[in-house]
Amino acid sequence: MTRQQLALGTAQFGLDYGITNTAGRVPPAQVAALLRTAWQGGVRMIDTAHAYGDSEQVLGECMQDEWRLVTKTLPLRCERIGDHELRAVDAAFQDSLRRLGVARVDTLLVHHAQDLLAPGGEELHTWLLERKSEGTALRVGASVYDGDEVAALLDRFDIDVVQLPANIADQRLLADGSIPQLHGSDVEVHVRS
């Protein structure tokens, strides 16, 4: 049986994020209250990213419990991954750990799978595996947008986790077989709406 759990998304903790968001960022005092309520309700995972403004900083100041943290690499969106890009990703991840006030995260995802699939992406994957080996990330993976990215990642890389879009109205990655393929490859699936 598949184990399911909820994670708390944090983009609005650091950005004026969301198509229906009229209130802007969540104030730090409200973040602390939300974290307490989520913890009391059994939520144990937080999803954040370096690209979510000061979300990681706010979390680092407000977290009181031992959360399973998921964060993401600096989005590169470039045609080739080279040494300069790898140094930028590494510096951003070190900044993420500092801002979160932790020595490690549960999961480190490449923010955009295309960064792994670009020329030089193998070096980015090697960098991920080094973070896993040194213990600063217990699991590694990528955030994807479509089934082609899922197939390409599974064909080329050893990953633990994939985050993907799905909801009651968007079942395309279930219908095209991507989610069953991930399960069959023993890759944990994180769903974002």
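1. Basis. The model is predicted; local features need pLDDT of at least 70, side-chain atom pairs count only at pLDDT 80 or more, and totals for chains, interfaces and linings use all residues. Residues are numbered from 1 along each chain as its sequence is written, and side-chain values use heavy atoms, with hydrogens and water left out.

2. Strands (E, at least two residues) and helices (H or I, at least four) are DSSP runs, numbered from the N terminus. Two strands count as paired if DSSP finds at least two bridges between them.

3. Axes are lines fitted to C-alpha atoms, for helices over the stretch in contact, and angles run from 0 to 180 degrees between N-to-C directions.

4. Strand 4. Buried means under 20% relative accessible area, exposed over 50%, and partly exposed in between (1.4 Å probe, protein chains only). By that cut-off 6 of the 6 residues of strand 4 are buried, so the strand is largely enclosed by the rest of the structure. V105 has A137 of strand 5 as its bridge partner.

5. Strand 6. Here 5 of 5 residues (161-165) are buried. V161, Q163 and P165 point one way, V162 and L164 the other, and all are buried. Note that Q163 is in this buried set. Strand 5 (residues 137-143) runs parallel to strand 6, joined by 3 bridges, with A142 opposite V162. Strand 7 (residues 188-192) pairs with strand 6 over 5 bridges, also parallel. P165 is the bridge partner of R192.

6. Crossovers. Strand 3, helix 4 and strand 4 make a right-handed β-α-β unit. Strand 5, helix 7 (residues 147-156) and strand 6 make another right-handed unit. Right-handed means that, with the strands pointing away from the viewer, the path from the first strand over the helix to the second runs clockwise.

7. Helix 3 against helix 4. The axes of helix 3 (residues 55-62) and helix 4 (residues 83-100) come within 7 Å and cross at roughly 30 degrees. Contact means heavy atoms within 4.5 Å. Helix 3 supplies E56, Q57, L59 and G60; helix 4 supplies S96, R98, R99 and L100. By class, the contact has 2 nonpolar, 3 polar and 3 charged residues. For these classes, Ala, Val, Leu, Ile, Met, Phe, Trp, Tyr, Cys and Pro count as nonpolar, Asp, Glu, Lys and Arg as charged, and the others, Gly among them, as polar.

8. The nonpolar core. The largest core has 48 residues, and L35, L153 and L164 touch the most other members. Helix 4 gives the most to this core, with 5 residues. A core is a set of buried Ala, Val, Leu, Ile, Met, Phe, Trp, Tyr and Cys residues joined through side-chain atoms within 4.5 Å. Beyond its neighbours within four places in sequence, L35 contacts L8, I46, L59, C62, M63 and W67.

9. E188. This residue lies in strand 7 and is partly exposed, at 32% relative accessible area. Leaving aside neighbours within four places in sequence, E188 contacts R68, R139, D160, V161 and V162. I159 is 29 residues from E188 in sequence and 9.1 Å away, C-alpha to C-alpha.

10. Backbone points to check. Most residues other than glycine have a negative phi. R77 has a positive phi of about 50 degrees. R77 sits in the loop between strand 3 (68-72) and helix 4 and is exposed, at 62% relative accessibility. D186 also has a positive phi, near 60 degrees. D186 is in the loop between helix 9 (178-184) and strand 7, exposed at 70%.
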